[in-house]
Amino acid sequence: MNMPDSNNDKFVLKLVPCARCGNPFMIKSDQLKSGELICDNCVKLEQRKKQLTSSVIESQKEIKTSIKEYEDKLKLEDSQEQKIIFYEKIKKKSEILTKSIVLLKKIEKTNDEKYIEEYKQLFEKLKKESS
Ligand SMILES: [Zn+2]
């Protein structure tokens, strides 16, 4: 029996299950040592999740700033009617903020491309509501 040539062995392709989705995919056998084995689809999904997450966080900062501004205006305002308007704005923006936190959790949990698309649309809707 011949011992496998260690140099050539690096270029042998192996079918392994992805650590995330479980789908089998091909790797070079020297990649086996490189820790968690994740397929290209999952790597791309992870990138999209990161992008969407940072957009949501960016938007949350804007909403928080805006709530703060309305709170300051509320303190200085004398007219009851105007106070109610500011109060309603704060309430609405707080609701959107809560929704965006729920959305972040959903994005974190998902491992499905189709949900990322759905969450992206939800986020766009939230952004429209908050402006
Ligand atoms: Zn995968």
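A residue is termed buried if 20 or more other C-beta atoms lie within 10 Å of its own, exposed if 12 or fewer do, and partly exposed in between, with C-beta atoms placed from the backbone. The model is predicted: local features need pLDDT of at least 70, side-chain atom pairs count only at pLDDT 80 or more, and totals for chains, interfaces and linings use all residues. Residue numbers start from 1 along each chain as its sequence is written.

Helices are DSSP runs (H or I, at least four residues) numbered from the N terminus. In H2, the buried residues include Cys 42, Leu 45, Val 56 and Tyr 70. Helices H3 and H4 are among the elements that cover the buried residues of H2.

| Helix | Residues |
|---|---|
| H2 | 40–76 |
| H3 | 80–109 |
| H4 | 113–130 |

H2 has 37 residues and reaches 55 Å from its first C-alpha to its last, close to the expected 54 Å; the expected span is 1.5 Å times one less than the number of residues.

A nonpolar core is a set of buried Ala, Val, Leu, Ile, Met, Phe, Trp, Tyr and Cys residues joined through C-beta atoms within 7 Å. The largest has seven residues: Val 56, Ile 96, Leu 103, Ile 107, Tyr 119, Phe 123 and Leu 126. At least two residues of this core come from each of H3 and H4. Beyond its neighbours within four places in sequence, Ile 96 is in contact with Ile 63, Leu 126, Glu 129 and Ser 130, contact meaning that the C-beta atoms, placed from the backbone, lie within 7 Å.

Definitions and conventions
Two residues are in contact if their C-beta atoms, placed from the backbone, lie within 7 Å.
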